[in-house]
Amino acid sequence: MNPSREAPALYRYVLRLGDLALVLGQRLSEWVGHAPALEEDLGLANTALDLVGQARLLLAYAGEIEGRGRGEDEIAFLRDQGQYLNPTLAEQPNGDFGETIVRQVLLDAFQLALYERLTSSRDARLAAVAAKAVKETRYHLRYSAGWLLRLGDGTEESHARAQRSLERLWPYTVELFEADALDRDMAEQGIAPSLEDVRSAWNRHIDEVLAEATLARPPDRPFTWFGKRGEHSEHLGYLLAEMQYTQRAYPGARW
Amino acid sequence: MSPVAAPSVMDAKGAARVQAAWRALGAVPDPELPALTLTDLGIVRSVNLRDDGTLEVGLSPTYTGCPATDHIAELARRALEDAGVGAFSVRPVLAPAWSSDWITVEGRRKLEEYGIVPPSPAASSARTWRGAAAGLIVPCPRCRSARTESISEFGSTPCKALHRCLDCLEPFERFKCI
């Protein structure tokens, strides 16, 4: 193994995982103080907190792999959008509560399938983070899937809106399972699972939830964005502008 | 106490330091659940004496995003300093991941007294997206009624879920099972 080639690949792979957690966590935190009920405010905020916690572990690890002395904060607050490697779905706006729930189900099921397999990664550090995160992710999916059942199998209005959100967000799910050279490299080294396996597990969860929620699975369509390579939708820039404002305006500020 | 060879002076001193560290950490209340100590919660994973004479204390975070994690490490450091255990370092231990199964019997008793339902075995937490509480009775800590319902899997801190008693109508908290 050539370490000079391996290190940056692992760095980028860990960023993909960490950026997904961070961007989704930041999105969910936008609900704080705005959710339809106190319990949902707590549910979304708690999920956001877990995700940001996962991101901290992953980005700190990415910094160590990179070996240039950057810590979790510098990696989170001082990278531009082209350097963020989260899948595009994570940065999609919250929309109404139903749209947030649809996005959450799609990504919770993805993270669950991924983390379950990463627990047997050859990379001990990733395996440890995944073993920790998988327990939290089960809670997240129970929460989001529970709500999708109520919305999909609820009133005519909630059903129609949940179905619309599903149609709008579905195209972004293609990217989750589209293995590129980095994914294949990581899988060959036994660091990451094959995305085919992740997709099968994801399909099982999603088909079960959608059927029970009486929602129709949209057909897969070609897609344009490739956030995990740094090619994002227009929404990420705004999210980062808000998240990074303090560090950009007052470099090195701490509290 | 091992009945085998008498420990050397250094060993006895070292063992005393390890014990003192456990005692000190066993007296630190959790910032979110002050009725329980760090050892009750099972988050002190290890106290080891290294060859260079440093005591190495391993702490497991309960939840990755638990805002109290840094604070807990700070409280542990202060307690170890106050106890005068000598040179030490505190490091986070991720693997194996902390489980609510590690809360001690004493810790579970204190939780119950504090009005929080202790966690069921983590394995009872369903593997799928379906409700973990399905078929599981969570008795009300106030009136003992078995007729309760889940309000939310998420409560006031990352480690607790919200339930409600259908008899005395009081809401109550339950420690999440992870």
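Predicted model: local features only at pLDDT ≥ 70, side-chain atom pairs only at ≥ 80, totals over all residues.
View 1. Residues are numbered from 1 along each chain as its sequence is written, while chains are lettered from A and ligands numbered from 1 in the order in which they are written. Chain B has three helices and seven strands, arranged along the sequence as α-β-β-α-β-α-β-β-β-β. Helices (H or I, at least four residues) and strands (E, at least two) are DSSP runs, numbered from the N terminus. Of the 178 residues in chain B, 36% are buried. For burial, count the other C-beta atoms within 10 Å of a residue's own, again placed from the backbone: 20 or more is buried, 12 or fewer exposed, and in between partly exposed.

**View 2. Helices α2 and α5 of chain A, side by side.** Let us look at a helix pair. The axes of α2(A) (residues 38-66) and α5(A) (residues 124-152) come within 11 Å and cross at roughly 165 degrees. Axes are lines fitted to C-alpha atoms, for helices over the stretch in contact, with angles from 0 to 180 degrees between N-to-C directions. From α2(A), residues including Gly43(A), Asp50(A), Leu57(A) and Tyr61(A) meet a set in α5(A) that includes Arg125(A), Ala133(A), Glu136(A) and His140(A). By class, this contact has six nonpolar, four polar and three charged residues. Ala, Val, Leu, Ile, Met, Phe, Trp, Tyr, Cys and Pro count as nonpolar, Asp, Glu, Lys and Arg as charged, and the others, Gly among them, as polar.

**View 3. Where chain A touches chain B.** Here 26 residues of chain A are in contact with 21 residues of chain B. On the chain A side, α2, α5 and α9 (195-212) are the elements that give two or more residues. The largest share, 14 residues, comes from α5(A). This side of chain A divides into 13 nonpolar, six polar and seven charged residues.

**View 4. Helix α4 of chain A.** In α4(A) (residues 97-118), the end C-alpha atoms are 30 Å apart, which agrees with the 32 Å that its 22 residues should span at 1.5 Å a residue; the expected span is 1.5 Å times one less than the number of residues. Because 19 of the 22 residues are buried, α4(A) is largely enclosed by the rest of the structure.

**View 5. Ala79(B) and its contacts.** Ala79(B) sits in helix α2 (residues 68-82) of chain B. With 19 other C-beta atoms within 10 Å, Ala79(B) is partly exposed. Leaving aside neighbours within four places in sequence, Ala79(B) is in contact with Ala24(B), Leu25(B), Ala27(B) and Val28(B).

View 6. The peptide bond from Ala95(B) to Pro96(B) is cis, with omega near -5 degrees, and Pro96(B) lies in the loop between β3 (88-92) and α3 (105-113) of chain B. Thr214(A), in the loop between α9 and α10 (235-249) of chain A, has a positive phi near 55 degrees. Arg144(B) also has a positive phi, of about 70 degrees, although it is not a glycine. Arg144(B) counts as exposed, with 10 C-beta neighbours inside 10 Å.

How values were computed. Contact = placed C-beta atoms within 7 Å.
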